[in-house]
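Subject: Structure handover and notes

Hello,

Please find the structure below, followed by my notes on it. The notes begin with the fold, go on to the ligand and the chain interface, and end with single sites.

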Amino acid sequence: MLGKMERSEQVLKVGLIGNPNSGKSTVFNQLTGLRQKTGNFPGVTVEVKEGRFTLPKGQAVALIDFPGAYSLYPTSTDEKVLVEVLANTSDPNFPDLLVFVADVTHLEKHLLLFTQVLDLNIPTILALNMSDVAEAEGIKVNPTRLSAQLQAPVVFISGRTGENLPQLIQAIEQLAESRDPWKSSFYKMNNDELRISEAVCQNFACTNPYRALLLAHHKDWLRFLSPAEHATLDTIVKTKQFQSLLQQVDETMVRYDQFTPIVRDTVQQPSVFPVTATDRIDAILTHRIFGPFLFLGVMLLVFMVIFYGYEITGGWVESTMAWLIEGTETLLQPVSAGWVVDFITKGVLEGFKGVLVFVPQIALLSLLIALLEEVGYLARAVFMFDKMMRRFGMNGRSIVALISGGACAVPAIKGTRTIGNWKERLITILVTPFISCSARIPVYMVLIPVALPNANWWVWAQVFGAMYLLGVLAALGSGWILNKVMKSREATFLALEMPVYRAPHWKNVWLTVVDKVANFVSGVWKPILLITSALWFLSSFGPGDVAGKAEQSAAEDIEAGIAADSVRGDLEASYRLEYSWAGKLGKTIEPVIRPLGYDWKIGIGILSSFLAREVFNSTMYIIYSLESVGAAEEEAAGDQSPFERYSSLKDKMAMDTHRDSREKIYTPATGLSLLVFYALAMQCMSTLVVVKNETGRWRWAVLQFVFMGSLAYVLSWITYMLVNLIA
Amino acid sequence: MQRRHRTLPELKASESAQAISFTDPSLACKLTAMGVLPGAIIEMVRKSPFGDAFYIKVDGIRLALRSEEAQTILLTD
Ligand SMILES: Nc1nc2c(ncn2[C@@H]2O[C@H](COP(=O)(O)OP(=O)(O)OP(=O)(O)O)[C@@H](O)[C@H]2O)c(=O)[nH]1
């Protein structure tokens with residue numbers, strides 16, 4: 001079912017349909033404002049929005065925003081959804097009436113789908129959109145005449161300025177209240193079509209001849225048909241030798257022949273299409289040489305905004321959470337047991353923080369991408385990079401996801417919904433997390449200087465760049481491989497309309513951002529809370545009296561003179577972690593990660609990184625008994641250059657040795673191997689949850705986890721061996 | 001013998017020609033629905049940076065097509 005909105009019997013279901021870029025979403029936003037929810041059509045990852053408003057006389061309306069489509073002979077999953085609903089009168093989303101949004105500046109093209117819908121016997125209002133543009137371009141329309149010829153109400157509106165929207169609402173009310181049966185029809189079927197339609201009608205509860213014809217055309221993929229119904233249709237099509245594709249083209253041409261004169265009669269267009277601003281802008285933006293560079297420039301800008309946004313908002317989230325945690329502690333400490341306070345502050349609130357840190361990034365990224373989409377630029381990027389991305393099993397739209405992945409994979413993966421072909425979309429989703437996201441940066445900042453203590457700043461910066469390059473290569477390489485192994489029968493199309501450049505409509509942009517953030521939070525908070533609670537449990541409890549043992553070990557160390565009394569608290573925290581289940585787990589996996597050069601402490605670091613990769617640093621602070629030092633260093637971090645941060649941690653790490661062999665843990669080989677591991681492994685639970693949500697199955701998330709993990713393991717191992725060999 | 005018609009990819013940048021028919025019915029369906037009709041004048045605006053895709057203009061509508069898609073459009077000479 002759609003979203004979580006309850007629809008009672010009395011609610012009027014109004015479907016909003018039209019070609020892509022006709023301004024459907026704008027009209028939808030105008031009519032419903034914030035009273036909207038995004039959901040998926042059952043069984044497919046096609047997004048649908050449902051909004052609410054009330055007609056003047058009090059009738060409640062559920063407005064369903066269907067995906068844009070060019071005709072009822074669909075080529076993409078998006079378009080198919082529309083046919084599946086309109087061809088099935090018992091579908092829960094089957095509308096009581098339709099509002100068809102058409103761009104009046106290119107009316108002819110839009111009337112194809114409109115006249116098809118007319119033949120389905122659903123009351124339909126034609127909303128001629130973009131009246132403001134029509135006026136500016138000198139296009140004159142006669143709505144009354146058009147309405148008479150098409151036998152349907154016509155309203156001339158502007159989604160942008162809001163012109164005539166009250167009339168549209170009134171037209172909906174009139175049509176809803178009307179007692180006259182709706183009986184518009186447009187297309188006269190030819191003999192072949194009639195025979196098929198009649199045959200279908202004899203076997204099915206026939207609601208309408210054209211709907212019957214559609215069943216025959218689309219029998220192979222309509223999911224509401226039972227196997228028996230499918231077989232019946234198969235027989236009908238075979239015995240009557242129905243040539244579906246040819247008939248579709250025929251029908252389309254006949255419809256054009258029929259409505260072209262109507263458009264000529266009712267819409268006065270300027271005789272030649274002038275060279276417009278859009279053409280002049282495109283001469284530069286899609287230029288064969290400058291175009292790609294300008295795009296990379298734009299993406300770099302997007303990336304930088306998000307990068308700095310993360311630096312700033314990350315700090316806010318950090319201080320807000322610190323404040324919240326402190327407050328909770330003082331509030332709860334007197335009234336509840338220690339472990340309860342600990343669970344709430346380190347388990348629940350930590351999970352809350354895990355969700356919260358992503359919110360500003362998602363908001364910023366969806367803001368910028370929505371802006372680029374609104375002005376019409378994204379379609380150009382798709383055109384320019386389609387060829388290149390197809391070599392790697394993706395399509396032009398994937399480039400936006402990959403580059404957004406440089407900020408954060410979570411919103412990047414959510415953005416892949418614009419990719420029509422399922423295989424190309426899946427590959428994009430699977431490879432995007434290879435791109436180094438902003439959460440990896442703090443880890444790189446610690447590990448690079450530890451791995452190469454004698455190198456200078458310049459070398460470190462190069463290694464840093466190499467980590468990004470590694471991510472890009474891994475993404476493209478795996479795309480190439482996945483493309484070879486995955487089979488898809490779905491045809492892939494580019495055939496894409498490039499919209500006119502327009503100034504953004506801020507209401508659209510704003511509503512998109514709100515929707516994206518709300519969607520993310522509602523999708524991930526449960527699993528994330530679950531995982532953080534589990535991690536909290538693992539690192540707080542262990543076999544036996546963990547706290548007692550830790551206290552004792554710390555006391556022994558201090559007595560033996562290994563540590564000063566002043567760090568007793570930190571020392572105890574470190575031992576507590578060591579004796580906990582997490583510590584045990586770290587030690588259990590040590591044999592597995594030892595070939596890469598890691599010890600059990602790094603094991604714990606890797607495990608805890610599932611919260612978010614940057615948690616590696618704070619875990620290391622605890623392990624090296626630097627918990628209190630860490631907080632101070634975090635605070636001072638703002639004034640230092642990136643590689644100078646976390647100095648006490650880096651000093652400690654550089655000194656540490658393996659317990660058995662007494663060799664240094666952080667040799668260049670271990671450090672570089674760990675860097676490769678962090679660049680390639682899938683260590684982000686939010687991403688995994690989003691991948692599951694977007695693909696509909698845990699299967700793909702698990703596959704991705706295993707694939708990225710194996711690749712990371714093998715390449716880290718090779719790195720470790722190679723560097724050891726050279727050194 | 002039938003004369004071979006030109007196809008869309010053979011147009012040079014900013015050259016125009018009239019479409020006569022399509023060779024692939026399923027693409028024909030898509031293209032006609034997007035406003036590319038037999039008889040329409042198609043202008044080749046430019047080719048994509050990495051080749052293999054075309055920016056065309058038909059009746060004031062701007063479209064991007066892959067070369068496989070463009071090859072199915074036959075033109076008059
Ligand atoms: N000038 C003007 N622009 C409009 C009007 N309605 C929509 N637009 C703009 O047209 C563009 C496309 O509008 P959308 O509402 O996203 O179109 P859509 O039909 O939902 O497109 P898809 O989301 O691709 O299906 C946006 O840039 C809108 O701001 C209008 O009445 N006048």
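Among contacts in chain A between residues at least 6 apart in sequence, what share joins residues at least 24 apart? The share is 74%, where contact means heavy atoms within 4.5 Å.

Conventions, briefly. This is a predicted model, in which local features need pLDDT of at least 70 and side-chain atom pairs count only at pLDDT 80 or more, while totals for chains, interfaces and linings use all residues. Residues are numbered from 1 along each chain as its sequence is written, chains are lettered from A and ligands numbered from 1 in the order in which they are written, and side-chain values use heavy atoms, with hydrogens and water left out.

Chain A

Chain A has 32 helices and 10 strands; these are DSSP runs numbered from the N terminus, with helices being H or I of at least four residues and strands E of at least two. Its C-alpha trace spans about 100 × 60 × 55 Å along the principal axes. Of the 727 residues in chain A, 53% are buried. Buried means under 20% relative accessible area, exposed over 50%, and partly exposed in between, with a 1.4 Å probe and protein chains only. The accessible surface of chain A is about 31,900 Å², and carbon and sulfur atoms account for 61% of that. Accessible areas come from the Shrake-Rupley method with a 1.4 Å probe, and for residues only the protein chains shown count as cover.

The ligand

There are 19 residues around the ligand, and A:S25, A:T26, A:D132, A:G159 and A:R160 come nearest; a residue counts as near if one of its heavy atoms lies within 4 Å. By class, this shell holds three nonpolar, 11 polar and five charged residues.

On its own the ligand has 640 Å² of accessible area, of which the protein covers 85%. The most come from α1(A), with three residues.

The interface between chains

On the chain B side 33 residues are in contact with 43 residues of chain A. The area buried between the two chains is about 3,400 Å², with 64% from carbon and sulfur atoms; buried area is the accessible area (1.4 Å probe) that two parts lose on being put together, summed over both. In chain B, the residues that lose the most area to chain A are B:F50, B:R62 and B:R66, together 21% of what that side buries.

One of these, B:R62, touches A:T278, as do A:R380, A:P499, A:V500 and A:Y501, not counting residues up to four places away in sequence. A:T278 is in helix α11 (residues 277-285) of chain A and is buried because its relative accessibility is 2%. Its side chain reaches the backbone nitrogen of A:Y501 at 3.2 Å.

Other sites in chain A

- Helix α18 (residues 422-431) has nine of its 10 residues buried, including A:K423, A:E424 and A:R425. A:N421 caps the N-terminal end of α18(A), with a side-chain oxygen 3.0 Å from the backbone nitrogen of A:K423.
- A:L113, in helix α3 (residues 107-118), is buried, with a relative accessible area of 0%. Beyond its neighbours within four places in sequence, its contacts include A:G18, A:Y70 and A:F100.
- A:T687 lies in helix α31 (residues 685-695) and counts as buried at 3% relative accessibility.
- A:V254, in helix α10 (residues 244-266), is partly exposed at 36% relative accessibility. Its C-alpha atom is 9.0 Å from that of A:K188, 66 residues apart along the chain.

Regards

Key
Nonpolar A, V, L, I, M, F, W, Y, C, P; charged D, E, K, R; others polar. Polar contact = N/O pair within 3.5 Å; in protein donor to acceptor, adjacent residues only side chain to side chain.
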